[in-house]
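Work through the exercises below with the sequence and the coordinates open. Try each task before reading its solution.

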Amino acid sequence: TAGGFYVQKGGLKIDLSKLGAGKYHEFSSAVYRDPALAADEKDGVLTASFGRLAYEGPAKLVCTLSDRGRTLGRRERDVTVTPTYVPRKGEVFINIHGQAIVDGKPFMPLGFYSKLADPSLYTPEQLECELKRLHDAGFNYLVDYASYMLKSKESRDRYYGLCEKYGIRVLADDFTGYMQTPDKIGEIGPLAKELAQYPAIIGWYTMDEASEDKVPVLEKIRRELNRATPGHIVLTCNIVAPEPFLPTADVQSGDQYPINAESDAFLRAENYLIRAAACRPAAAWHAPQSFNGVNYDPAVRTDRDAYLKKGREPTENEMLSVALSFVANGISGFAFYSHFDLTRGPVPELYEKRWRDIAAVGKTLREIEKFVVGARRAVDLPHKDVRGRTRIVAKYADDGSVVVLAYGLKADNKATFSLPREMRGLVPSYGFVKKSGDGYVFEGKDLTCDILK
């Protein structure tokens with residue numbers, strides 16, 4: 001539930017009934033029971049397995065949550081039981097831990113929102129130069145707002161062929177308009193099947209910050225795409241209450257942009273992520289901020305003096321802080337917003353520094369990739385906030401190794417903490433964490449972070 005409570009002595013029972021002779025007949029149940037929920041499951045997500053089902057077709061799913069013999073809630077929905085799809089080469093399977101599995105290995109998308117598919121902005125030569133630069137810096141993912149502009153086979157072959165050449169997976173933005181025209185949802189399947197022939201396409205972007213009343217039609221779009229192109233994910237970007245939007249996508253996204261002049265903006269963003277993590281979908285890939293906020297202020301963005309005076313250029317450590325807050329809250333994919341903002345604004349001498357900084361952030365995320373995509377959720381470590389508010393978490397890789405992430409959430413932060421014996425050999429990377437006696441001290445302004453590895 002959104003409010004949140006923990007089952008102490010009870011569990012979750014899920015009944016599945018198949019349709020036959022016009023009636024539903026219960027044929028399988030799954031039960032989750034635990035007298036004290038495991039630490040890594042105290043985010044409200046309970047999982048129960050049916051095992052192999054000897055039935056395919058329409059069914060009714062009924063979930064009953066109970067505690068000490070009392071029913072707390074009951075919900076039901078119509079579902080379809082289908083065989084498990086076996087992904088082909090390059091396709092995606094989201095497993096029970098929220099890991100995106102591609103070719104048998106966890107996949108970490110790392111890239112940008114972009115408009116690289118717009119032929120009016122990039123010549124074929126410029127496009128190839130940009131894709132090569134992304135590849136060389138370790139980026140492998142684009143959410144391309146302009147992919148719908150690729151109307152001809154020739155333009156698609158060129159764009160997606162170059163993306164494939166440089167190892168860039170693309171979330172295509174060809175279906176966002178259908179939530180405004182639900183009567184045309186039937187057109188989606190054939191087009192998606194045609195586009196899915198391009199190996200560079202990893203899935204579909206179907207919604208950008210829509211209102212809650214669009215959820216029913218977005219769920220229909222998702223299911224149409226799921227049927228037409230299994231192995232390709234559906235992603236929606238949501239900035240309001242996370243719970244109602246869970247049916248809209250296989251992978252949920254969001255865009256918290258706290259690098260600005262507002263007080264406690266990072267703390268508010270963190271609180272949203274904590275809430276979203278408590279009702280997580282199967283996977284979450286979000287959009288960390290990499291832009292100067294005044295790029296979106298019409299009164300400032302063309303005035304050099306005003307831009308320099310009022311703008312806040314995100315630094316490497318600030319952008320990394322936002323990304324690490326995502327990691328701490330179960331997010332395992334990143335589309336920085338945005339590629340086109342790297343060359344926006346009336347101060348062109350900033351452009352190259354922006355690229356160096358974001359490339360450095362990408363390099364760091366690649367270095368800790370196995371921890372980011374690890375199945376185990378981050379574990380909060382005990383600490384004392386001397387001033388401000390700091391979050392300190394341990395994030396484990398599937399091989400059992402660990403890193404510690406620390407970041408400051410208020411204007412001025414200082415925290416003291418100790419580490420378990422097995423973590424004491426970890427070394428800070430950015431100087432915001434220092435040894436102090438038998439323990440450690442984190443000290444920094446908001447949007448400062450450190451990684452102990």
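The model is predicted: local features need pLDDT of at least 70, side-chain atom pairs count only at pLDDT 80 or more, and totals for chains, interfaces and linings use all residues. Residues are numbered from 1 along each chain as its sequence is written, and side-chain values use heavy atoms, with hydrogens and water left out.

**Exercise 1.** Find the buried residues of helix 3 and state what covers them.

Solution. Helices (H or I, at least four residues) and strands (E, at least two) are DSSP runs, numbered from the N terminus. Buried means under 20% relative accessible area, exposed over 50%, and partly exposed in between (1.4 Å probe, protein chains only). In helix 3 (residues 188-195), Ile 188, Gly 189, Ala 192 and Leu 195 are buried. Seen down the helix axis, these residues fall within an arc of 130° (taken from the directions from the axis to the C-beta atoms), so they line one face of helix 3. Their cover includes helix 2 (153-165), strand 11 (201-208) and helix 4 (215-228); contact means heavy atoms within 4.5 Å.

**Exercise 2.** Describe the largest nonpolar core and the surroundings of Leu 365.

Solution. A nonpolar core is a set of buried Ala, Val, Leu, Ile, Met, Phe, Trp, Tyr and Cys residues joined through side-chain atoms within 4.5 Å. The largest has 78 residues, and those with the most contacts inside it are Leu 131, Tyr 159, Trp 204, Phe 334 and Leu 365. Helix 7 (residues 316-328) gives the most to this core, with eight residues. Not counting residues up to four places away in sequence, Leu 365 touches Met 108, Leu 110, Leu 320, Ala 323, Phe 334 and Phe 336. Another core, of 23 residues, lies apart from the largest one and includes Val 92 and Phe 291.

**Exercise 3.** Give the strand order of the four-stranded open sheet and identify its edges.

Solution. The order is 16-18-19-23, with antiparallel pairing (two strands pair if DSSP finds at least two bridges between them). Strand 16 (379-380) and strand 23 (449-452) each have a single partner strand, so one side of each is left without a neighbour in the sheet. Strand 18 (residues 390-396) and strand 19 (residues 402-408) pair over seven bridges, and Lys 395 stands opposite Val 403.
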